[in-house]
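Visitor: I would like to learn how to read a structure like this one. Could you take me through its features step by step?

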Amino acid sequence: MTASRKFLLFGGLTLAALGMFYGLYYALFVEHQSLDQMGGSLAKSFSAAAVRDVSASQSALHQYGETKYDYVRQVDTHSHWVGLAMLMILLGVLFDRVNFREPVRQAIAICILAGSVLFPLSVTLQTYDHGAIAFKALAVVSSGLLIAGLAATALGFARSEFA
Amino acid sequence: MSPRRLYIFGGIALITAGMLFGDIFAVFVLHQNAGRQGTALIEANAAVAAGNASAANQAFAGLGDLLEDRGTQVDAHVHMLGAGYLALILALVQPYVALSRPAKKNAAWLFLIGGTLLPLGIFLIHYVGLAYSPFAVIGWASVLADASGALLILVLLMNLFGFWKYRGTRELSEPELPRENSMPTRALLTGGTILVLLGFLHGAYYAGAMLYQHEQMETDILGRMIGAASSGRLAAANAEVNNFGNLAGARAVNIAAHSHIIEFGLLAILLSLVQPYVFLSDTWKRTWAKALLGGSVILPVFVLLELRLGLLAGGIADIGGLLVIVSLVGMLIGIVRYSGRLDAEEVAR
């Protein structure tokens, strides 16, 4: 088995297990509490408005926005890690059909592996510092790596058909 | 049945069931649930305008109930499909998993049991609630879902261990899937890769151009809604409920289009690899490949167009989903009809 296939298969299986562990941890210790907090703050915002307490209402609405910001990204991290892991394992099985020299295939595999690990990580890191430019930049760079890697893979598949 | 065929058969069955569930959810639950959410928000506005905090809380209890119902049904759909995809992927890597045949077969059964019980547990979370549960926020259905998820993790770790052992011996534990250079195989492989790439590009566009804007718009709309309701301007507050619904719709269709086009791409690539197991004539194999790719384009494109064309686009998207389901069932029948020749060769070895 070529090194590029090993990168993708081993990396994909590890990432799938990691993504599922994260999902299990999240479901057990975070999700229910987040949902309760989200629903609770929105309800509090309306009930405070009903008793004309504008400041409490705005503060609860702000809390709702912050909690939802985290919730969306935590769920995205889980789904993207597992989804990208599946794509890596799948490409690992198929990678010999990518019609490039092995060093090029290795470079593509490393791009996909790095993007698959770093993109969801950058998404979850955003929950620790909302609006941090560094984490947003990491998300852009890592998703760019993924798109470039997949585009190169598609090109490699297409070359194998016409070679 | 060999572990590989168990994974293939179970995987396609899980994906078919997950898609059927998704189609039923889209037709009978999704829009109705969104309408009831709007009604609950209008009730909350009325309560705020009347200065009745307990009625506002009551409206949100109802809204939370609706959101949980919708969320768990979406999660059941997503996890059933995810388990199906993973089963197909595990079928592909079986030659590189250096474990005994009984161990691999047990792992395959455990995976299929976990993959079936996980979405079932998630689906039941809303209906079972906290009945007879010793925990404060986790009910028995959640326990079932979490235990099933743990089972899937265990099977993945077993496969990872088998792959680690393979790296030492470098001996295939069973023959690799035969390569087939037929039209359906090539179309599914190339079409699938293009679909995944399109999904990535759409996701990047959505994250860059719309995600943060939509998040800001949501709190802005809610702020305006609460402000209008508390100053007694109920018509203005209820107009914001419409804006809120439109925003939720815009987010939902973008996320659904992104996830569906990628999943269909993955599915097409996976199915290109299991074509040797589809025991049908070339004509039928071509027909199912074309139907699957056609449905895979129609569904996400018309989901996106729902914002402009409304329910008409929704209906066409559902037909796209149905095309994918029918082609999956067609391929599943081909796998059931499979002669078992490859298994016999494995046993002979």
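Guide: The contact between the chains takes 45 residues from chain A and 51 residues from chain B, where two residues are in contact if their C-beta atoms, placed from the backbone, lie within 7 Å. This is a predicted model, in which local features need pLDDT of at least 70 and side-chain atom pairs count only at pLDDT 80 or more, while totals for chains, interfaces and linings use all residues. Residues are numbered from 1 along each chain as its sequence is written, and chains are lettered from A and ligands numbered from 1 in the order in which they are written.

Visitor: Which elements give two or more residues to the side of chain A that touches chain B?

Guide: Helices (H or I, at least four residues) and strands (E, at least two) are DSSP runs, numbered from the N terminus. Here the elements are α1 (3-50), α2 (54-94) and α4 (133-162) of chain A, and the largest share, 22 residues, comes from α1(A).

Visitor: How many residues of each class does that side of chain A have?

Guide: Ala, Val, Leu, Ile, Met, Phe, Trp, Tyr, Cys and Pro count as nonpolar, Asp, Glu, Lys and Arg as charged, and the others, Gly among them, as polar. By that scheme, the side of chain A that touches chain B has 31 nonpolar, eleven polar and three charged residues.

Visitor: At what angle do α1(B) and α6(B) pack?

Guide: Axes are lines fitted to C-alpha atoms, for helices over the stretch in contact, and angles run from 0 to 180 degrees between N-to-C directions. Helix α1(B) and helix α6 (residues 234-273) of chain B pack at an angle of about 165°, with their axes 10 Å apart. That makes α1(B) roughly antiparallel to α6(B), a label for angles over 145 degrees. Among the residues that meet are G38(B) and L41(B) in α1(B), and V241(B) and F244(B) in α6(B). The contact of these two helices has twelve nonpolar, four polar and no charged residues.

Visitor: Is Y69(A) buried, exposed or partly exposed?

Guide: A residue is buried if 20 or more other C-beta atoms lie within 10 Å of its own, exposed if 12 or fewer, and partly exposed in between, with C-beta atoms placed from the backbone. Y69(A), which lies in helix α2 of chain A, has 17 C-beta neighbours inside 10 Å and therefore counts as partly exposed.

Visitor: Which residues does Y69(A) touch?

Guide: Leaving out residues up to four places away in sequence, Y69(A) touches H130(A) and E215(B).

Terms used: Parallel < 35°, antiparallel > 145°, perpendicular 65-115°, else oblique.
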